[in-house]
Amino acid sequence: MTSYEKVPLNEFQDKFFVFTELSSVALGACVISVSDEFFAEAANLLKIEPAPSLKGQFGPNGALFSGWETRRHNPTRDWCIIKLGTTGRIVGYDVDTSHFNGNEAPEVSVDALLGDPKERPSVDDSRWIEILPKVTLGPNSRHLFKIPETAKYNFVKLNIYPDGGIARFRVYGDVVAETPKDFVQPFDLAHVFAGGRVEFTSNQHFGIGSNLILPGRGKDMGDGWETKRSRQKDHKDWAILKLGTAGILENIEIDTAHFKGNYPESCEVHGLFAPNAVDWHTQKDDLLQWTLLLPRTKLGSNRQHYFQLCDVARKAYTHVKITIYPDGGIKRIRVIGRRATGSIVGSVDLLSSAVAEGIVKATPDLADIKTIPAVPLIPELFAPYGQVLQAYFSHSTAPGGVRVTPANGGTANKFHKLSLLHSTYPEGCNATAGISIYRCQPLQNVSPDGTTPLVVMERHPFTNQAFIPMGRGTGEEAITDPADKYLVVVAKNGLDDKPDMETLRAFVASTGQGIVYDAGIWHLPMTVLGKPLDLACVETQIGDGSVADCEILELEPLFGTIRLELPPNQA
């Protein structure tokens with residue numbers, strides 16, 4: 001007989017917190033067939049929210065319940081076949097009979113099989129294997145059952161004896177990871193389908209931490225991670241994510257979708273290599289060798305933030321910690337990187353190990369190559385270098401401090417003075433402000449791997465400079481295609497009066513966004529992706545071609561080879 005352990009409800013955190021709810025509709029789980037659902041539909045079993053009481057409400061067939069309820073007097077059993085959201089190894093169940101009292105299912109058992117995701121197994125398929133024997137339930141309560149970890153399964157069959165109702169049915173286990181097999185391809189190492197887990201949260205009052213690694217962007221604030229409001233000075237909350245596999249990290253996406261007045265003010269990110277299991281309840285944080293990957297950075301309302309991670313070129317990490325200040329809600333976190341395999345895992349110098357294993361081809365200047373990923377442009381990320389000029393869907397999504405008022409008799413919103421014109425030319429040099437047009441041809445020098453070399457940057461020592469997309473062509477041909485993009489690469493000035501490569505960042509801007517480079521910021525000359533594009537340039541200049549207007553610097557003699565990694569649809 002299959003063994004199992006009945007778990008007290010107060011031990012749920014200890015027994016199930018680190019496992020994934022494989023039966024969640026958020027992962028794509030669904031009911032594919034059912035013996036009977038006369039009183040209440042079986043699809044209710046998989047709903048994310050707890051079952052509400054519908055006491056006193058009636059439909060055409062009788063009293064209403066949020067759950068699955070079959071008709072009376074079944075001589076044998078009823079059953080429901082569920083396709084899990086992803087293939088996994090099952091470790092336990094939460095069988096919830098909330099609000100079913102006198103009409104609950106008295107007993108249940110569970111069978112499982114591994115099949116083609118596109119098939120619909122029948123109730124009498126010979127491949128079904130019992131993984132939970134017949135167990136007794138009670139009315140209006142949650143019943144937790146822990147079992148030894150099973151083999152891989154993607155279908156389960158819930159049997160009830162002989163009939164009755166169950167409010168929710170949750171299947172917990174470890175995801176069988178779906179990850180690229182090669183060392184080169186980047187992917188989301190923290191994603192639930194890649195085997196990622198949320199192993200610890202400091203608080204999850206309004207939304208649970210495991211939501212952070214779910215697919216998609218969710219439907220409302222309820223399917224993100226949200227902590228309670230803090231009342232203490234210098235408060236912070238955090239979540240620790242275990243990556244599906246050790247990896248070399250490149251960038252991170254932090255999505256505050258649906259969090260408008262309750263997103264965190266700022267965040268920071270650390271990484272850790274810990275190949276063995278960690279008990280986060282007893283482990284002292286200051287004894288772990290966390291590496292700062294993203295310094296404390298401001299976040300915005302209801303948007304996706306893309307951050308290039310620092311200090312990760314030659315290290316592998318197994319865990320990422322996101323710290324938010326002082327509190328608030330985040331919808332999703334995506335940790336993009338490349339898997340580390342074989343002797344690379346745990347190596348301090350991953351690149352040398354990769355060459356030794358033959359995973360990466362050695363070249364004379366391999367150690368000098370630096371790759372910078374280009375991420376979508378948002379105001380918070382660009383703020384150290386200048387301003388982003390764009391409209392916003394609502395007042396709540398505009399960055400803090402932006403004044404928004406109705407205009408044009410109520411037919412428009414005005415976003416006031418997103419940037420001011422500024423120049424510090426010496427008196428008497430006859431510099432004047434004006435508007436020019438750049439007609440830009442698209443970037444051609446893109447390698448098959450989706451990268452392009454960064455060979456030159458420029459700066460304007462005495463003026464800020466704005467670029468505003470205008471579309472393509474003239475007259476009837478003038479259009480703005482949503483697919484049109486342009487590349488923005490920036491760096492602060494260093495102590496040696498050259499670009500500070502530690503601050504080098506690359507962004508992809510849409511034609512709905514203009515940019516303003518602060519005076520003295522090093523930047524890539526205007527570079528368009530995909531198709532030709534016209535841009536208006538607002539600047540102050542003397543106009544004599546002197547370095548006072550524009551200083552140009554060749555990079556490779558000073559900094560070695562630098563390549564920009566473009567998004568797949570722009571390469």
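The model is predicted: local features need pLDDT of at least 70, side-chain atom pairs count only at pLDDT 80 or more, and totals for chains, interfaces and linings use all residues. Residues are numbered from 1 along each chain as its sequence is written, and side-chain values use heavy atoms, with hydrogens and water left out.

**Stop 1: E380 and R303**

E380 and R303 form a salt bridge, with the closest N and O atoms 2.4 Å apart (a side-chain nitrogen of Lys or Arg within 4 Å of a carboxyl oxygen of Asp or Glu). E380 sits in helix α3 (residues 379-382), while R303 is in the loop between β19 and β20 (304-308); 77 residues separate them. Helices (H or I, at least four residues) and strands (E, at least two) are DSSP runs, numbered from the N terminus. R303 is buried, at 10% relative accessibility.

**Stop 2: R296 and E265**

Go to R296 next. Its side chain meets that of E265 in a salt bridge, 3.2 Å from N to O. R296 belongs to strand β19 (residues 291-298) and E265 to the loop between β17 and β18 (266-272), so the pair ties together parts 31 residues apart in sequence. R296 is partly exposed at 49%; E265 is partly exposed at 32%.

**Stop 3: D497 and R459**

Select D497 and R459. Their closest N and O atoms are 3.1 Å apart, in a salt bridge. D497 lies in the loop between β32 (485-491) and β33 (505-510), R459 in strand β30 (residues 456-459), 38 residues away in the chain. D497 is partly exposed at 39%, whereas R459 is buried at 9%.

Now show E119, D125 and R127. Salt bridges with shared partners join them into one network. The whole structure holds 20 salt bridges.

**Stop 4: strand β23**

Select residues 332-339, strand β23. Seven of its eight residues are buried, so the strand is largely enclosed by the rest of the structure.

Show its partners; strands pair if DSSP finds at least two bridges between them. Strand β17 (residues 237-255) runs antiparallel to β23, joined by eight bridges. Look for I252 opposite V335. Strand β14 (residues 187-188) also pairs with β23 in the antiparallel sense, over two bridges. There, F187 stands opposite G337.

**Last stop: the annotated span**

Residues 28-175 are 0% helix and 47% strand, with end C-alpha atoms 13 Å apart.

Technical notes
Buried means under 20% relative accessible area, exposed over 50%, partly exposed in between (1.4 Å probe, protein chains only).
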